[in-house]
Amino acid sequence: MVVQEQLNYLKNKDLGYNKDNVVLVPIEGTLYNSDVRSQLKSKLLDNPNFVNVAYSSESTLINSGTSTASGFSWPEKKSELGTNFNLLFVEHDLLETYNIELLTGRSFDPDLATDSMHVIINEQTAKLMNVEDPVDHTVTLWGRKGRIIGIIKNFHFSSLHSGIEPLVISLRPRNSQVLNVRLSGQNTQESLSFLEESLRDVNPNYPFEYRFLDETYEAQYGSETVISTLGKYFAGVAIFISLLGLFGLASFAAEQRTKEIGVRKVLGASALSIMLEMVKGFVLLVSLGFIIAIPISYFFTEEWLGAFTYRIDIGMSIFIIAGFASLLITILTIGYHAIRAANVNPVK
């Protein structure tokens with residue numbers, strides 16, 4: 001239950017951007033030509049099934065890829081600060097494509113050639129810079145001096161195993177490696193066919209390859225998904241074996257207590273009281289086992305959740321549900337023998 005809840009939390013957490021209906025296509029061949037990219041972008045946006053189109057470096061929002069410690073600096077930067085700053089190289093409209101919130105300043109302007117010298121940073125970078133107002137502050141990225149023109153809200157560009165890291169976004173069209181396309185969500189198959197046809201027109205020598213961003217995001221948690229699946233199977237096997245044991249013990253107990261049940265019935269005991277008498281011993285043992293299991297399961301699940309910076313809290317509700325399920329399974333399993341023994345003719 002804990003693993004499944006954590007997986008649901010990972011899949012549904014607000015990442016700070018919209019990952020739905022986004023298609024990623026690698027840039028190859030003629031797409032390295034900026035004029036071809038511009039032509040393709042215009043053609044796609046003329047189709048109502050396409051909402052936004054943007055190009056970015058190989059480092060997508062799922063994995064920033066490139067980082068630098070000394071390559072990004074500002075006048076007040078302390079020499080001992082060894083923090084790595086993640087770098088994302090983009091063309092125009094990437095923030096708009098992903099619906100990333102701009103807190104202050106502005107985005108890159110297609111009409112301003114000087115924006116290629118400037119950068120946009122996230123809140124985490126602004127915090128590390130420790131300056132009063134980072135917007136318009138002078139910075140240097142790999143020897144190129146420019147200014148910070150905007151600050152975006154923190155978003156998760158890596159898995160939730162780790163916290164949000166500092167990010168610097170630079171306008172460098174020549175570093176484009178990925179075509180980011182946001183679909184409207186309507187006529188998805190038709191949109192993909194149009195995208196394939198458009199790419200074939202400008203880049204006929206390369207196959208059409210694509211992936212959806214949400215699928216790429218979920219693929220980060222492949223091992224957790226495997227653990228969840230295996231957990232369900234092993235839990236099912238464990239419960240089944242437990243049921244066999246309980247069923248056998250209940251049958252044996254009913255056989256051993258045949259005369260006792262007969263005497264109780266002759267002396268006026270009701271079928272319900274006899275059934276409860278048989279059930280309570282098993283319920284007591286299962287409850288004792290569950291009490292022993294609580295601290296052990298809590299320790300191991302806390303250990304597993306400790307690998308995530310963003311995680312669920314293990315509340316009492318999980319233990320209450322698990323305990324109730326254990327007792328219910330116990331009562332249903334031995335209930336057959338209990339009812340059968342309670343309703344037998346005392347003469348027999």
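**Group meeting: a walk through the helices and strands**

Okay, let's start with two helices: the axes of helix 2, residues 34-45, and helix 5, residues 188-202, come within 11 Å and cross at roughly 150 degrees. Angles over 145 degrees count as roughly antiparallel, so that is what we call helix 2 relative to helix 5. The crossing of helix 2 past helix 5 is right-handed. Before I go on, please keep in mind that this is a predicted model.

So who is touching whom here? On the helix 2 side you'll find Val36, Gln39, Leu40, Lys43 and Leu44, and they meet Phe194, Leu195, Ser198, Leu199, Asp201 and Val202 of helix 5. If you sort the residues of that contact by type, you get seven nonpolar, two polar and two charged.

Helix 1, which is residues 2-12, packs with helix 9 at an angle of about 25 degrees, and their axes are 11 Å apart. That angle is under 35 degrees, so helix 1 and helix 9 count as roughly parallel to each other. Helix 1 also passes helix 9 in a right-handed crossing. Val2, Val3 and Gln6 from helix 1 make the contact, together with Thr301, Trp304 and Leu305 from helix 9. By type, that contact has four nonpolar residues, two polar and no charged.

Let's follow the chain out of helix 9. Phe308 sits in the loop between helix 9 (271-305) and helix 10 (316-342). Is Phe308 buried or exposed? Its relative accessibility is 4%, so Phe308 counts as buried. And what does Phe308 touch, once you leave out residues up to four places away in sequence? Gln6, Leu10, Leu160, His161 and Glu224. Take Leu10 from that list: 298 residues separate Leu10 and Phe308 along the chain, yet their C-alpha atoms are 9.8 Å apart.

On to the strands, and I'll begin with strand 10, residues 167-171. Five of its five residues are buried, so to speak mostly covered. In a regular strand, side chains alternate between the two faces of the sheet. Here, Leu167, Ile169 and Leu171 point one way, while Val168 and Ser170 point the other way.

Which strands pair with strand 10? One is strand 5, residues 85-90, in the parallel sense over five bridges. There, Val90 stands opposite Leu171. Another is strand 7, residues 119-122, which pairs with strand 10 in the antiparallel sense over three bridges. In that pairing, Ile120 has Ile169 as its bridge partner.

Thr125 gives us another view of this region. It belongs to helix 4, residues 123-129. With a relative accessibility of 0%, Thr125 counts as buried. Setting aside neighbours within four places in sequence, Thr125 is in contact with Phe72, Phe85, Pro166, Leu167 and Val168.

Last stop, strand 1, residues 22-26. Four of its five residues are buried, so strand 1 is largely enclosed by the rest of the structure. Strand 1 runs antiparallel to strand 11, residues 178-183, and five bridges join them. Strand 1 is also antiparallel to strand 12, residues 211-212, with two bridges between them.

Note on methods. Residues numbered from 1 in each chain as written. Predicted model: local features only at pLDDT ≥ 70, side-chain atom pairs only at ≥ 80, totals over all residues. Heavy atoms only, no water. Buried < 20%, exposed > 50% of the residue type's maximum accessible area, 1.4 Å probe, protein only. Pairing = 2+ DSSP bridges. Axes fitted to C-alpha atoms, helices over the stretch in contact; angles between N-to-C directions. Parallel < 35°, antiparallel > 145°, perpendicular 65-115°, else oblique. Left-handed = near helix turned anticlockwise from the far one by under 90°. Contact = heavy atoms within 4.5 Å. Nonpolar A, V, L, I, M, F, W, Y, C, P; charged D, E, K, R; others polar.
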